[in-house]
Amino acid sequence: MENLKRKLKNDFNWEAQWQQLYILTEQWYSDIQFYKEDLKFLYHLVDKYFMGLTHNANLDEMREVAKELSNESKCSDELQDKIALHLKHLAELIDAPYKYDSHQIRSEHEKLDNEIISFVNKFRNNKKEIFAITEKVMKKEIQKRLMS
């Protein structure tokens, strides 16, 4: 099934009209903006519960998570810049189809597609990890308050 999805995606990247690729790329840009806002929320969550996490012997785990969030934030900025440049390339190609190398633009699109998929998968995994750690801390805090 995964191979079929990959084939359909690759076929679309190489067979779609330029306007379709432009619309998809605009959606990517919007998605990355959403992920950046989600990253801000996760930073806040880590910051808010950081003291609780350090008291619960999760300091090393939280340092790693904070480092991953920082890396993801940088990656999202880089992706947003790449997507903006790709949108510019697509717009130029739509305006002057014979002036630019269509194969290069399609290759750029496919590479960007793969980078976004990789970013989203990594982001989701880290988000799950942050929520799991935060849930542990919150449960311990609730137990502690109930025992007091």
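Predicted model: local features only at pLDDT ≥ 70, side-chain atom pairs only at ≥ 80, totals over all residues.
**Burial and overall make-up**

Residues are numbered from 1 along each chain as its sequence is written, and side-chain values use heavy atoms, with hydrogens and water left out.

I then listed the secondary structure and found 4 helices and 0 strands in the protein chain, in the pattern α-α-α-α along the sequence; helices (H or I, at least four residues) and strands (E, at least two) are DSSP runs, numbered from the N terminus. For contacts, taken as heavy atoms within 4.5 Å, I noted that residues 24 or more positions apart account for 84% of those in the protein chain with a separation of 6 or more.

**Nonpolar cores**

Which residues touch the most other members of the largest nonpolar core? They are Val65, Leu69, Ile83, Ile116 and Ile130, out of 20 residues in this core, and α2 (18-55), α3 (59-95) and α4 (102-147) each supply at least two residues of it. I used the term for a set of buried Ala, Val, Leu, Ile, Met, Phe, Trp, Tyr and Cys residues joined through side-chain atoms within 4.5 Å. A second, separate core has 6 residues, including Ala16, Trp18, Leu21 and Ile105.

Leu79, in helix α3, counts as buried because its relative accessibility is 1%. With the residues up to four places away again not counted, Leu79 touches Ile32, Leu112, Glu115, Ile116 and Phe119, and its C-alpha atom is separated by 9.3 Å from that of Trp28, 51 residues apart along the chain.

**The α3 and α4 pair**

I checked how these helices are set against each other: the axes of α3 and α4 come within 9 Å and cross at roughly 155°, the axes being lines fitted to C-alpha atoms, for helices over the stretch in contact, with angles from 0 to 180 degrees between N-to-C directions. α3 and α4 are therefore roughly antiparallel to each other, since angles over 145 degrees count as roughly antiparallel, under 35 as roughly parallel, 65 to 115 as roughly perpendicular and the rest as oblique. By class, the contact of α3 with α4 has 15 nonpolar, 6 polar and 9 charged residues; here Ala, Val, Leu, Ile, Met, Phe, Trp, Tyr, Cys and Pro count as nonpolar, Asp, Glu, Lys and Arg as charged, and the others, Gly among them, as polar.

I looked up Trp14, which is found in helix α1 (residues 2-15) and counts as partly exposed because its relative accessibility is 31%. Leaving aside neighbours within four places in sequence, Trp14 is in contact with His103, Arg106, Ser107 and Glu110; Trp14 and Ser107 are 93 residues apart in sequence and 8.3 Å apart in space, C-alpha to C-alpha.

Tyr43, placed in helix α2, also counts as partly exposed, because its relative accessibility is 34%. Not counting residues up to four places away in sequence, Tyr43 touches Leu69, Ser70 and Ser73, while Tyr43 and Ile130, 87 residues apart in sequence, are 9.8 Å apart in space, C-alpha to C-alpha.

Methods: Buried < 20%, exposed > 50% of the residue type's maximum accessible area, 1.4 Å probe, protein only.
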